[in-house]
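This report covers selected packing features of the structure shown below.

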Amino acid sequence: MANETKKAPAKKRTAKAERAPKKQTTNGKAASGAATGPQDLPDGADFRMYTGGGHTHESLGLEPDELLAMYRSMMLQRRFEERAAQMYGRQKISGFLHLYIGQEAVSAGTVHALQDTDPIITAYRDHGLGLARGMTANECMAELFGKIDGSSRGKGGSMHFFDVENHFYGGHGIVGGQIPLAVGMGFAAKYKETGAVAVGFFGDGAISQGSFHEAANLAALYEIPVLLVCENNGYAMGTAVDRAVSEPDLYKQAYAYDMTGALVNGMDVFEVYYAMGELAKQAREQSKPALVEIRTYRYRGHSMSDPQKYRTKEEMESKKNEDPIIRLKSYLIDHDLATNEQLDALDDEVKAEVHASVEFAENSPFPPVETMYEDVYVQDDYPFIV
Amino acid sequence: MSESANHPMAELQFREALRDAMTEEMVRDENVFLMGEEVAEYDGAYKVSQGMLDQFGPKRVIDTPIAENGFSGLGIGAAMMGLRPVVEFMTWNFTFVAFDQIVSNAAKIRYMSGGQLKVPIVFRGGNGAAGQLAATHNNSTEAFYTNVPGLKVIAPSNPDDAKGLLKSAIRDDDPVLFMESELMFGLKGEVSDEEDYTLPIGKARIAREGDDVTLVAHSKSYWLAMEAAEELAKQGYEATVIDPRTLRPFDTGAVVDSVKQTNRLVIVDECSPYGGIASEVAFRIQSQCFDYLDAPVARVTAKDTPAPYAKNLIEAWMPTVDEVIAAAKGALYVE
Ligand SMILES: Cc1ncc(C[n+]2csc(CCOP(=O)(O)OP(=O)(O)O)c2C)c(N)n1
């Protein structure tokens, strides 16, 4: 902070922090109430707080059809995953299946705030972001079924959705392993002067990994346009944040790397949209990274095999009142932007799409065994075991 | 290597050949950049990148913190977006810290994405044992990485091959691991002056031909094999010496053809014996030309312990010329 050039954003921070002094309480027991606000931050720290509830579609400049697009995206993610869970139960889907249910405002808000060409990368809880980024239910369901028409031709499965055409770069299985890649994607944007901002998502569990700290340091050191976005859903498998991290206000890690830290209410799609838009703009214009902690909640277990003994029914019930989809639905109705019937019809449409995707996945063939040997290398005549 | 009479040869150190390869590729393609610890302002820990910062500037010759996992991952992310990074590791000993990025990401992203992405990156640096550096700094890492589908692994033994293969590696669309022997950076040899000199990845070099026994050895071990071959010749036994140059893909055909002539095979390899390169080559040969073998395949490797420090111990730990000679004679059933 001694550096003169680093002073400018700090001023901005003060203004923002004063504007949003409210306590953030959307998180699980681990971090709830732990969002202590800016008064105990280091001098000159650039902090943004996006508490939620303060925006209207007008203040955000969103047209009603854009709201409906966001709503549809969230519904599609939810219905897709509900159906995926069912198919898992029927053993049509194997392996790990980590559901995103509850976190849909993060994906929908982010994708709508970004430019289409901004690359996005995430961990294994990737269905939501993939669908929000334009992947079709068909290719996603087929991938879960391990079929040739899946997005990765049946070689990736649930944890490895990729859609490069839509600038979605996966789908990664090692906790924290994708964070340096996000920084590399931002590095490439800067190197090639494309004007893109890379956005790398990871869970609260990943913040303890060396890869996060190494990547954060590199991002700040090289002034890379990247948003490091921690989706804090309160738990890493069964471990609540405060049992794993010495400072459960995860955004504070930003100050160790002299970058912007932001705390965002992830149950409010408007807030995510607003925050990510503002932070992406800053990253784009100043070619600098930020650490964004988005507090959210997952209603389902860590994966399908998780009995969830680490949290109470009451906690989960209380969170359902904040459900991002119900929240947006109420908004749409309260503001006469849609009727119940309209939204029901939209839900039916999404359900039909997902239903059709199951049929599509069923009917798609398993990958021919020879395809096992494809795509190991770009060079296609590569000699394997001989 | 020196058979190309049409091309004049320059005497270069191994490190200079590597530098020429990187420099030429960076001039040719602006998407190529170099990053690593001390590669820029310090001119490279082993001076491989000397002068490159001055030539290309800090955008393309980039010093990193000591964060192998972070910067190797950064390189992979950049490669996913179409850049062609050359990531220098001070030595391959330190890549265990970056193992996850190399193995889980570089090697597998293409496969997991069903072919949507490619990762055209080169990881390079000093490899193998380098004297009395004790256990953490004396690792021949080839076998760890050749075990991973999705990676290509190259380990040349002389400056000419180093130049031609590094240029090919940088142009390759797959992740390539380029292993330079730590003790060979100063090694001098003739390097082709041919404009834009590249060598194919996956082609072995027959360095010497003889009918009695085949020796296969890469990188620094190649020189042991050559010395052993000369000593054997004095004793009346002619050896073929094959330098595979590329360990994955491996030019099995070249070794098979030779073994069909000599009927005997000795593999020299600085890796630990258990699951090492020698083991893989032995498997391939016994499965493809079992009927031609007149003796069991022999191997000369590092001893099956961590590398010791004491001078006498590390000398005994490393494969030696005498061991190669003894193994060859064993295969020839002479004492
Ligand atoms: C390096 C590594 N260690 C352990 C695991 C096993 N694992 C998978 S997910 C997970 C919890 C991570 O939680 P978090 O980062 O908070 O993400 P969330 O599941 O909440 O989205 C663990 C321990 C892994 N995949 N990678």
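Leaving aside its neighbours within four places in sequence, which residues is B:Q50 in contact with? They are B:R19 and B:D43. The model is a predicted one. B:Q50 sits in the loop that runs between β2 (32–36) and α2 (52–56) of chain B. From the C-alpha atom of B:Q50 to that of B:G82, 32 residues apart along the chain, the separation is 26 Å.

The largest nonpolar core has 93 residues, of which A:L228, B:M80 and B:F123 touch the most other members. Helix α7 (residues 179–192) of chain A gives the largest share of this core, eight residues. Apart from it lies another core, of 75 residues, including A:M135, A:F168, A:A240 and A:A275. Beyond four places in sequence, A:L228 has among its contacts A:I179, A:V183, A:F202 and A:M259.

Two helices of chain A pack against each other, α4 (residues 104–113) and α11 (residues 269–286).

| Helix | Residues in the contact |
|---|---|
| α4(A) | A:A105, A:V106, A:A108, A:G109, A:T110, A:H112, A:A113 |
| α11(A) | A:V269, A:V272, A:Y273, A:M276, A:G277 |

Key:
Residues numbered from 1 in each chain as written. Chains lettered and ligands numbered in written order. Predicted model: local features only at pLDDT ≥ 70, side-chain atom pairs only at ≥ 80, totals over all residues. Heavy atoms only, no water. Core = buried A, V, L, I, M, F, W, Y, C linked by side-chain atoms within 4.5 Å. Buried < 20%, exposed > 50% of the residue type's maximum accessible area, 1.4 Å probe, protein only. Helix = DSSP H or I, 4+ residues; strand = E, 2+ residues; numbered from the N terminus. Contact = heavy atoms within 4.5 Å. Axes fitted to C-alpha atoms, helices over the stretch in contact; angles between N-to-C directions.
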